[in-house]
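Have the viewer ready, and follow along as we go from one feature to the next.

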Amino acid sequence: MQIETQLAVHKNPYLYQYLRENSYWYKALNRDPSMLKIMEEEMKKKYKLTTEDRIENVSRTLGMMKTLLDVIR
C-alpha cells in the first residue's frame, strides 16, 4: 500500500477500524489507491456518518426532547 494511502487511513480512526474489519480492502488499496474514496463512502454508510444519518439523529434527539418537555409540563 502506498505511504499516502496508509497515512490517510491512519489519520481517520473510523477508516482504520473499517479496514481492520474488512481486510479485503487491503488488496484493493494495494492495487488501486484511488479506491480509498469508495472505501470511505462504504465506511460512512456502515457507521452511519453520512449527512443524512446525522440529520436524522438530530431530528430524533429533538423529537425526544420535545416529548420529554411535553411530559414535564
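This is a predicted model: local features need pLDDT of at least 70, side-chain atom pairs count only at pLDDT 80 or more; totals for chains, interfaces and linings use all residues.

Which residue just after helix 4 takes a positive phi? Lys 48 does, with a phi of about 55°.

Helix 4 spans residues 36-46, and its buried residues are Leu 36, Met 39 and Met 43. These three cover an arc of only 60° around the axis, so they sit on the same side of helix 4. Turn to the other side of helix 4 and you find Lys 37 and Lys 45, which are exposed. What lies over the buried residues? The cover includes helix 1 (3-11), helix 2 (13-21) and helix 3 (24-31).

Met 43 lies in helix 4. Is Met 43 buried or exposed? Its relative accessible area is 1%, and because buried means under 20%, Met 43 counts as buried. In sequence, Met 43 and Tyr 14 are 29 residues apart, yet their C-alpha atoms are 7.4 Å apart in space.

| Residue | In contact with |
|---|---|
| Met 43 | Asn 12, Tyr 14, Leu 15, Tyr 18 and Leu 49 |
| Leu 29 | Met 1, Thr 5, Leu 19, Met 35, Leu 36 and Met 39 |

**The nonpolar core**

Both Met 43 and Leu 29 belong to the largest nonpolar core, which has eleven residues in all. Other members include Val 9, Leu 15, Tyr 18, Trp 25 and Ala 28. At least two residues of this core come from each of helix 2, helix 3 and helix 4. In soluble globular proteins, nonpolar side chains tend to be buried together.

**Where helix 3 meets helix 4**

How do these two helices pack? Helix 3 and helix 4 have axes 10 Å apart and an angle of about 150° between them. Since angles over 145 degrees count as roughly antiparallel, helix 3 is roughly antiparallel to helix 4. The residues of this contact divide into six nonpolar, no polar and one charged. From helix 3 come Tyr 24, Trp 25 and Leu 29, and they meet Leu 36, Ile 38, Met 39 and Glu 42 in helix 4.

Notes: Residues are numbered from 1 along each chain as its sequence is written. Side-chain values use heavy atoms; hydrogens and water are left out. Buried means under 20% relative accessible area, exposed over 50%, partly exposed in between (1.4 Å probe, protein chains only). Helices (H or I, at least four residues) and strands (E, at least two) are DSSP runs, numbered from the N terminus. The arc is that of the directions from the helix axis to the C-beta atoms. Contact means heavy atoms within 4.5 Å. A nonpolar core is a set of buried Ala, Val, Leu, Ile, Met, Phe, Trp, Tyr and Cys residues joined through side-chain atoms within 4.5 Å. Axes are lines fitted to C-alpha atoms, for helices over the stretch in contact, and angles run from 0 to 180 degrees between N-to-C directions. Angles under 35 degrees count as roughly parallel, over 145 as roughly antiparallel, 65 to 115 as roughly perpendicular and the rest as oblique. Ala, Val, Leu, Ile, Met, Phe, Trp, Tyr, Cys and Pro count as nonpolar, Asp, Glu, Lys and Arg as charged, and the others, Gly among them, as polar. Lists of a residue's contacts leave out its neighbours within four places in sequence.
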